[in-house]
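Q: I am new to this protein and would like to learn how to read its features. Please take me through them step by step.

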Amino acid sequence: MFDSQTLKKFEYLSLASSKQFAGQTSGERRNAKLGGGVEFADYRNYAFGDDVRNLDWNVYARFEALYIKRFQEEGDIPVYFFLDVSTSMGENETAAKFDYAKKVVGALGYVSLMRFDSVAVFTFADDVGETFPLSRGKEKFLPLAEFLETLRPRRAATKISHSLQNALKKIVKPGLAVIVSDCFDANGLDDSIERLLARRFEPLVLQIYAPEEARPNETGDFELIDAETGERSKVTIDESTIRRYQKRFDAFLAKTRESCVRRGARYYSTLIDVPFENFLLEVARDVKVGR
C-alpha cells in the first residue's frame, strides 16, 4: 500500500485528539486521568481515606502540612476508523476515490500504531460490514494493510447513522472516531455526530470526493443512473444546468461541514486529485498532529 519512503514521512506525524481518553495500556501520549500513574501532576490537601503512600513527606517536613501527590496516568487512545464502502465510493477496489480513502485510513492507522494507540476499522454502507479488530503495536500495521487491500465497494446505499448505531454496539471504550466517506447520505451527518458525542467519542470527519462530482463538464442528453439506488433519469445538461449543479454541490459540502463544526466535531474535505501526502499534512498541521 505504501513504499518505505512514504511510511518514513508518516513516522513524524501523530494522530492526536483534543480530548483525552483514559487508556488501559501505556501509550506515548498521556491522558489527564489523575491517579496512581507514572508522572507527577500536582498536589492537593490530604483528606481522610487517601492513600498515605502518596503523602509527600518532604513537603510535610518543610511546612508541617499534609499534601497528596497526584499523578498523570499514561494511556493509549483508541482510534476507530469508519470507512465507507458503499457503491458511490467506486465500482471496485482500484476505483480512484475508494483507493484514496483506503490510503487515508492506512496512513493514519500507521501513524496511530506507531504512537502506540489502538486501531480498529469498521467498514460500512447500508450497515456495518467487515471489521479489523482493535489492535495495538507497530507489528499490526501489516495485517491492517492486508485487510484494507482486500476491501471492495459493496452494492449498497450510504447509511452512516444506521451503520454507526450497529458498530457502536461492538465498542466498549470511547475514543477518536474517524469517518472516511464521501458523505453521500440523504439523511446527512447530524444524527451520526450526535450518536458519537452521546457515547463520548470525539468525531473527525474526512470527506473525500472526485473532481467530476464537484465540477462535471459534459453537456448533452444523458440517462443518469444513481449508483446506489439504481434510479434512472433522462436529462439534458447544458452550461446553465452545470452551474446550478455546482451551486448545489457546494451547498452540500457547506452543510456537511456545518453539521460537524456546529457540534464541535473536526471536519476536513479533499478532492482526490489533491496529492495524498498534502491532505494528510493539512490535517496534521491544522489539528496539531505534527511533533
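Q: How far is the sulfur of Cys-183 from the closest cysteine sulfur, and which residue holds that one?

A: A disulfide is a covalent bond between the sulfur atoms of two cysteines. By the cut-off used here, the two sulfur atoms must lie within 2.5 Å. In this predicted model, the sulfur of Cys-183 is 7.0 Å from that of Cys-260, its closest cysteine sulfur, so the gap is too far for a bond.

Q: How many disulfides does the whole structure have?

A: A search of the whole structure finds zero.

Q: Are Cys-183 and Cys-260 buried or exposed?

A: Read the relative accessible area: buried means under 20%, exposed over 50%, and partly exposed in between, with a 1.4 Å probe and protein chains only. Cys-183 has 4% relative accessibility, so it counts as buried. Cys-260 is buried too, at 0%.

Q: What should I know about numbering and confidence before going on?

A: Residues are numbered from 1 along each chain as its sequence is written, and side-chain values use heavy atoms, leaving out hydrogens and water. The model is predicted, so local features need pLDDT of at least 70 and side-chain atom pairs count only at pLDDT 80 or more, while totals for chains, interfaces and linings use all residues.

Q: How many helices and strands does the protein chain have?

A: Helices (H or I, at least four residues) and strands (E, at least two) are DSSP runs, numbered from the N terminus. The protein chain has nine helices and 11 strands.

Q: What share of the contacts joins residues 24 or more positions apart?

A: A contact means heavy atoms within 4.5 Å. Among contacts with a separation of 6 or more, residues 24 or more positions apart account for 75%.

Q: Which residues touch the most other members of the largest nonpolar core?

A: A nonpolar core is a set of buried Ala, Val, Leu, Ile, Met, Phe, Trp, Tyr and Cys residues, joined through side-chain atoms within 4.5 Å. The largest has 44 residues, and Phe-10, Leu-83, Val-104, Val-180 and Leu-206 touch the most other members. Elements that each supply at least two residues include α1 (4-10), β4 (79-84), α3 (96-114) and α9 (276-286). Helix α3 gives the most, with 11 residues.

Q: What does Val-104 touch?

A: Leave out residues up to four places away in sequence, and Val-104 touches Val-180, Leu-206, Ile-208, Phe-276 and Phe-279. Apart from this core lies another, of 26 residues, among them Phe-122, Val-128, Ala-167 and Ile-179.

Q: How many salt bridges does the whole structure have?

A: Side chains of opposite charge can pair when their charged atoms come close. A salt bridge puts a side-chain nitrogen of Lys or Arg within 4 Å of a carboxyl oxygen of Asp or Glu. The search finds 11. In one of them, Lys-97 meets Asp-182 at 3.0 Å, N to O. The pair links distant parts of the chain: Lys-97 is in helix α3 and Asp-182 is in the loop between β7 and α6, 85 residues apart. Both residues are buried.

Q: Where do Asp-191 and Arg-195 lie?

A: Both lie in helix α6, four residues apart, about one turn of the helix. Asp-191 is partly exposed at 38%, and Arg-195 is partly exposed at 27%.

Q: Which side chain of opposite charge is nearest to Asp-185?

A: Lys and Arg count as positive, Asp and Glu as negative; His and the chain ends are not counted. For Asp-185 the nearest is Lys-159, 8.5 Å away. Asp-185 is buried yet has no salt bridge. Asp-185 lies in the loop between β7 and α6 (190-198).
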